[in-house]
Amino acid sequence: MDQQGRPNEPQLVYRRDSETGRPVEGLLRWGLIPHFCEKRPDFAPIHARAETVAENEWFGAVFQKKLAALADHPLVGEVRGAGLIAGLELVAEKATRRPFPTIGKVATHAYEVGHDNGLIVRAIGDTIALCPPLIITEQEVGELVRRLEITLDRTAEWVRSEGLHDAKNDRIDL
């Protein structure tokens, strides 16, 4: 805290929807948070709210549920995660979860396609890792999953064009 009692580090603030009570906006601000919150009582420092953990659990459950729908994608062997941290394992053969011959090549390509689609993801081996910000909204989760599905589709097309799919059984069907 500085001499006026303002925080010296960034703080996350949000505004609640008047009908649902869920956070609908998130702002990261440096200093002047108490003054800002006095002027806008609908905003409050997130660390000052007791229900923050429950809200993040709720958004985490929404995130995991929407990602689970991608488990049917031909490239995805497994969707795993907890809260707002997730990973999608990319496989050459879905039924057996057989990995690609060169570990990391497909996930690295998906990483590049994802960045082109406006996603911030990481390639860890043949897993795409996601960790959206704590201030993500339900609408933004939907948009993230939509862009991720486009990324997976384009990556599957690339896998087919490079001959990396299971040629014998032709497992990557679009």
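**Which residue in β5 does valine 79 stand opposite?** Valine 79 stands opposite leucine 88. The legends below start from that pair. This is a predicted model, where local features need pLDDT of at least 70, side-chain atom pairs count only at pLDDT 80 or more, and totals for chains, interfaces and linings use all residues. Residues are numbered from 1 along each chain as its sequence is written, and side-chain values use heavy atoms, with hydrogens and water left out.

**View 1. The pairing of β4 and β5.** Strand β4 covers residues 76-82 and runs antiparallel to β5, with 6 bridges joining them. Strands pair if DSSP finds at least two bridges between them. Valine 76 stands opposite leucine 90 in β5. Valine 79 faces leucine 88 in that strand. The hairpin has 2 residues between the strands, and glycine 83 takes a positive phi near 60° there.

**View 2. β5 and its pairing with β7.** Strand β7 spans residues 127-130 and is joined to β5 by 4 bridges, again antiparallel. Glycine 87 stands opposite alanine 129 in β7. β5 is mostly covered, with 5 of its 6 residues buried. Buried means under 20% relative accessible area, exposed means over 50%, and partly exposed lies in between (1.4 Å probe, protein chains only).

**View 3. Arginine 97 in its loop.** Arginine 97 sits in the loop between β5 (85-90) and α3 (105-116). Its phi is near 60°, a positive value in a residue other than glycine. Arginine 97 counts as partly exposed because its relative accessibility is 38%.

**View 4. Histidine 109 and its contacts.** Histidine 109 belongs to helix α3. It counts as buried because its relative accessibility is 18%. Leaving aside neighbours within four places in sequence, histidine 109 is in contact (heavy atoms within 4.5 Å) with Thr155 and Trp158. Thr155 and Trp158 are both among the buried residues of α4.

**View 5. Helix α4 from end to end.** Helix α4 has 25 residues, 138-162. At 1.5 Å a residue it should span 36 Å, and its end C-alpha atoms are 36 Å apart, which agrees. The expected span is 1.5 Å times one less than the number of residues. Buried residues of α4 include Val141, Leu144, Val145, Leu148 and Thr151. An α-helix has 3.6 residues a turn, so residues three or four places apart point the same way. After α4 comes glycine 163, with a positive phi near 75°.

**View 6. The whole protein.** The secondary structure comes to 4 helices and 7 strands. Along the sequence the pattern reads β-β-α-β-α-β-β-α-β-β-α. Helices (H or I, at least four residues) and strands (E, at least two) are DSSP runs, numbered from the N terminus. Buried residues make up 40% of the 174 residues.

**View 7. Confidence along the chain.** The mean pLDDT is 76, and 62% of residues reach 70 or more. pLDDT is the predictor's confidence in each residue, from 0 to 100. Residues 6-13 have pLDDT below 50; beyond near neighbours in sequence, this stretch has 38 contacts in the model. Residues 25-39 also have pLDDT below 50, with 36 contacts beyond near neighbours in sequence. Where pLDDT is low, the predicted coordinates should not be read in detail.
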